[in-house]
Amino acid sequence: MTVELPPSGRRPRRRIAVGVIGLVAFLLAGLGAYAVARHDRLQDTKYCGHDCVPGIGIGTVVEALQGRGHTCVDNRQFWSCRLSIGRVRFEADLFRSVSGADFSEYISKVEARIVNPDSTTAAAGLDYTSWFAALPHRDDPSTAEKVRGWLTEQITGDGDVTFIMDWEYTLEREANTRSVELTMSRRH
């Protein structure tokens, strides 16, 4: 004897089967995209080993700073860029990677300072340091936002050291001033 399910009994099973197939296809597509992105990121790091901000040349950052009014000087091992607005100074030292075939092309460490900020330049100082801190994570908005959140917390607090995605961030304050320095380097 054969028992046939009524048509309404088949539909929920079909919906579940279609849902499971859709979920599996979605996960496989995500894994494929991750593998491609990871491969591209590994290709980026081939040029300077694992000691640099991958996929972005030091010249690109220097040009961006000059485009915002900074005066930049090449000191062989690092670029030094400065911008003064009244008493407030924005300073950045971009250290070259010493590993890889063309060490002068990539950044291994950044020191960004805001000297003599006042209450009207506090937000600009946070934006300035956040821009540098997000460079290694520029293709990962979630991590970049975490870095910005950490910086906001540290600038209003006492300063600290934290590690995010193999990068070490240190925020230091000059005593009795609002001056801050962010150092960002590859964690070894």
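This is a predicted model: local features need pLDDT of at least 70, side-chain atom pairs count only at pLDDT 80 or more; totals for chains, interfaces and linings use all residues.
Biologist: How many nonpolar, polar and charged residues are in the lining of the second largest pocket?

Modeller: Residues are numbered from 1 along each chain, and side-chain values use heavy atoms, leaving out hydrogens and water. A pocket is an open set of points on a 1 Å grid where a 1.4 Å probe fits, with protein on both sides within 12 Å along at least five of seven lines, and lining residues have an atom within 4 Å of a point. The lining here has 13 residues, which divide into six nonpolar, four polar and three charged.

Biologist: Which element gives the most to that lining?

Modeller: Pro-117, Ala-122, Ile-155, Arg-178 and Val-180 are the lining residues that lie nearest the centre of the second largest pocket. With three residues in the lining, the element that gives the most is α3.

Biologist: Where in the chain is confidence lowest?

Modeller: The chain has a mean pLDDT of 76, and 69% of its residues reach 70 or more. Strand β1 (DSSP E, at least two residues), at residues 71–74, has the highest confidence, at 96. Over residues 22–45, by contrast, pLDDT stays under 50. With a mean of 45, the element where confidence is lowest is helix α1 (H or I, at least four residues), residues 7–45.

Note on methods
pLDDT is the predictor's confidence in each residue, from 0 to 100. Contact means heavy atoms within 4.5 Å. Ala, Val, Leu, Ile, Met, Phe, Trp, Tyr, Cys and Pro count as nonpolar, Asp, Glu, Lys and Arg as charged, and the others, Gly among them, as polar.
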